[in-house]
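Subject: Structure handover

Hello,

Here is the structure you were expecting, with its sequence.

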Amino acid sequence: MHTFETKIQELKTSVLTEVARLTWEDKLQNGILDVPEKIIPGPEASLRCCIYKERAIINSRVKMAMGGDKSNPSVVEVLPIACDECPVTEMTVSASCRGWLATRCGHACPKDAITVINGRSRIDQKKCIKCGKCAKACPYNAITYLERPCVAACGMDAIGKDEQGRAVINQDLCVSCGQCLVSCPFGAIVDKGQIFQVVRSIMEGNQVIAIVAPAFIGQFGKNSTPEKFTTAIKMLGFDQVVEVAVGADMCTIEESKD
């Protein structure tokens, strides 16, 4: 059975579970406001500054689980309230700095951005061009290149920041690959869910087909089989279960013709 690697994954699953449950029971309209308090009962905060902020973030996650901002075509969005405003990319000096006796980092800097304050090197971020020469010159590895996890993960340079330092996605550059989503340690970047729409469609009697990844069998333990999984999915109300690999095979056939 798959286990949670982070608290963020656990919270996301809890939100999706509650949204699905309330939708199935046709109680979402009246019960949606109770979701944050149920998931974050308090009285003490465990992840943020207070339970009120934690609950406000859960409320934002509920909205994303139901489809998020309809005016935003991207499947990935930033939850501003959850963003920790991580330091922007910069070279930083750690406590490992042993002073500037050898002056290697200072001599290596092409912009004279390094000075000594109280016996330790300090980098003027306004002068620093992030070339990394000081880090290579330091014999104590006391200078490191600090970069936002989401920025480092994005291969399209689509992550910027607003006036408050919170992450912002440039939708003109974003390809919705989700790398920023899995890299954010605060779960501030999330993908839109469609679980509410799927459950409602099943309840309305529509034909709904479940398309699953080939790895689905590894998520439910050694006693699970494709037959058991398919039966369970159909018991939920899905009409058919198809592996997404079938779609890949169809695309391969079409591309081979081209």
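The notes below cover salt bridges, a surface patch and the cavities.

Please keep in mind that this is a predicted model, so every value here is computed from predicted coordinates.

Salt bridges

The whole structure holds ten salt bridges. Five residues, Glu18, Arg21, Glu25, Lys27 and Lys38, are linked by such contacts into a network. Two of the pairs in the list share Glu25. Arg21 pairs with Glu25, and their closest N and O atoms are 3.1 Å apart. Glu25 also pairs with Lys27, where the closest N and O atoms are 3.8 Å apart. A salt bridge is counted here when a side-chain nitrogen of Lys or Arg lies within 4 Å of a carboxyl oxygen of Asp or Glu, so the contact of Glu25 with Lys27 at 3.8 Å qualifies.

Another salt bridge joins Asp162 to Arg166, with the closest N and O atoms 2.9 Å apart. Is Asp162 buried or exposed? Asp162 counts as buried, because its relative accessibility is 18% and the cut-off for buried is under 20%.

Surface patch

Trp24 sits in helix α1, which spans residues 7-24. On the surface, Trp24 forms a nonpolar patch with Met203 and Leu236. Together the three have about 280 Å² of accessible area. Trp24 itself is partly exposed, at a relative accessible area of 38%.

Cavities

How many cavities of 30 Å³ or more does a search of the whole structure find? The search finds three. The largest cavity contains about 100 Å³ of space. It is lined by 14 residues, and the closest to its centre are Cys154, Cys174, Val175, Cys177 and Cys180. By type, the lining of the largest cavity divides into ten nonpolar residues, four polar and no charged.

Regards

Notes
Residues are numbered from 1 along each chain as its sequence is written. This is a predicted model: local features need pLDDT of at least 70, side-chain atom pairs count only at pLDDT 80 or more; totals for chains, interfaces and linings use all residues. Side-chain values use heavy atoms; hydrogens and water are left out. Patches are made of residues with over 30% relative accessible area and no salt bridge: like charges are joined within 9 Å, nonpolar side chains (Val, Leu, Ile, Met, Phe, Trp, Tyr) within 5 Å. Accessible areas come from the Shrake-Rupley method with a 1.4 Å probe; for residues, only the protein chains shown count as cover. Helices (H or I, at least four residues) and strands (E, at least two) are DSSP runs, numbered from the N terminus. Buried means under 20% relative accessible area, exposed over 50%, partly exposed in between (1.4 Å probe, protein chains only). On a 1 Å grid over the protein atoms alone, a cavity is a set of points where a 1.4 Å probe fits but cannot get out, and a pocket is an open set with protein on both sides within 12 Å along at least five of seven lines; lining residues have an atom within 4 Å of a point. Grid points are joined across faces, edges and corners, and a volume is the space filled by probe spheres set on the points. Ala, Val, Leu, Ile, Met, Phe, Trp, Tyr, Cys and Pro count as nonpolar, Asp, Glu, Lys and Arg as charged, and the others, Gly among them, as polar.
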